[in-house]
Amino acid sequence: MSVKSFLHETIETVVIVAVLVIVIRGFIGEPRWIPSASMRGTLLEGDRVFIEKVTTKYHLRDIRRGDILVFYPQFSKLAAGYWAKFTRFVGLFDKNEAYIKRVVALGGDNYKISTDPKTGRSQVFINGKLLKEDYLYEDRTIDCTKNMFCGPAIVPKGYFLMLGDNRANSQDGRFWGLLPQDRVIGKALFLFWPLNRITVFTTPKY
C-alpha cells in the first residue's frame, strides 16, 4: 500500500468516525460523569451514566414523574455562538454546567415541599397527597424558608420541579425554581461505571 493510499484511508476513517460520534452524541445519547453528592442513594460521585436524547428531543414519550434528567438550569446563561451551540449539541468541550436531578412534579401538579416533623426527612405533597419516595438518601433535609420555591404552587405546563435524591445536599428546584422543558439535555438511561454497580434506571411507581 502506498503512502498516499494509506493517508487517504486514514483520513476517510477519521472523518467517518467523527461523523458517527457527532450523530450518536447529538441525536441519540452520550455518557455523563456525576460530579456531586446531590443524587446519592441512586448515583455516587464519579459514576458514569448514559443519557438518551431521543425521547426528550423528539417528544416520543412524555417526561414522567421519577425520571432522572440531565439539564441546564434556567438561571444559567448559555454561551452564545455557533461553536458553543455545537459543543452543547454533542456534549463535548461544553463549558456550560449541567445538572442531574429527578422529576418530582409535572405541569399541572400542585406541589408543596416540607420537613416531616417526626423524622426530619423531606416530604413532598403532590395535589394534596404525600409522595412516596423510596429512593431518598438522607436522614435529614434542608428546611424550607420563605425565599425558597417550596410551594404550595402549581407547576405550569412545560415545566418540571427537579429535586435531588439527597435532599440534605442538593442545589435543586427548592433554590432556583422550576425547569422549562427546553433546558432538558436528556434522560438518564443506565449507569455503566463502575461495573459492579451497573443499573438500568426505571421510572418509579408512585
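Reader: Which side chains meet Arg-61 and Asp-67 in a salt bridge, and how far apart are N and O?

Author: They meet each other: the side chains of Arg-61 and Asp-67 form a salt bridge, at 3.1 Å from N to O. Keep in mind that this is a predicted model.

Reader: Is Asp-67 buried or exposed? And what about Arg-61?

Author: The cut-off to carry in your head is that buried means under 20% relative accessible area. Asp-67 has 2% relative accessibility, so it counts as buried. Arg-61 comes out at 22%, and therefore counts as partly exposed.

Reader: How many salt bridges are there?

Author: The count is nine. Another one pairs Glu-45 with Arg-40, with the closest N and O atoms 3.2 Å apart. Glu-45 is partly exposed because its relative accessibility is 39%, and Arg-40, with a relative accessible area of 26%, is partly exposed too. Then there's Asp-172 with Arg-174, at 2.8 Å from N to O; both of those residues are buried.

Reader: Which residues are linked in a network of salt bridges?

Author: Glu-30, Arg-32 and Lys-53 are linked that way.

Reader: Let's go to the cysteines. How many disulfides are there, one or more?

Author: There is one disulfide. It joins Cys-144 to Cys-150, with the sulfurs 2.0 Å apart. To read the handedness, look at the angle about the S-S bond: for Cys-144 and Cys-150 it is -85°, and the link is left-handed.

Reader: Is Cys-144 buried or partly exposed?

Author: Cys-144 has 30% relative accessibility, so it counts as partly exposed.

Reader: Now the strands. How do I read a sheet?

Author: The general idea is that strands of a sheet pair through backbone hydrogen bonds, either parallel or antiparallel. Here, four strands make an open sheet, in the order S7-S6-S5-S8, and the pairing is antiparallel. At the edges sit strand S7 (129-130) and strand S8 (153-154), each pairing on one side only.

Reader: How many bridges join strand S5 to S8?

Author: Two bridges do, between S8 and strand S5 (residues 110-115), and the strands run antiparallel.

Reader: Which residues touch the most other members of the largest nonpolar core?

Author: That core has 15 residues, and Tyr-111, Ile-113, Val-124 and Leu-161 touch the most other members. Two or more residues each come from strand S4 (99-105), S5, strand S6 (122-126) and strand S9 (159-163).

Reader: What is Ile-113 in contact with, leaving aside its neighbours within four places in sequence?

Author: Its contacts include Val-124 and Leu-161, along with Phe-149, Leu-163 and Arg-174. Both disulfide cysteines, Cys-144 and Cys-150, are among them too. There is also a second, separate core of 13 residues, and Met-39, Leu-43, Val-49 and Ile-51 are among its members.

Reader: Let's zoom out. How many helices and strands are in the protein chain?

Author: There are four helices and 12 strands. The C-alpha atoms fill a box of roughly 80 × 40 × 30 Å along the principal axes. The protein chain has 206 residues, and 42% of them count as buried.

Methods
Residues are numbered from 1 along each chain as its sequence is written. This is a predicted model: local features need pLDDT of at least 70, side-chain atom pairs count only at pLDDT 80 or more; totals for chains, interfaces and linings use all residues. Side-chain values use heavy atoms; hydrogens and water are left out. Two strands pair if DSSP finds at least two bridges between them. A disulfide is a pair of cysteine sulfur atoms within 2.5 Å. Buried means under 20% relative accessible area, exposed over 50%, partly exposed in between (1.4 Å probe, protein chains only). A nonpolar core is a set of buried Ala, Val, Leu, Ile, Met, Phe, Trp, Tyr and Cys residues joined through side-chain atoms within 4.5 Å. Contact means heavy atoms within 4.5 Å. A salt bridge is a side-chain nitrogen of Lys or Arg within 4 Å of a carboxyl oxygen of Asp or Glu.
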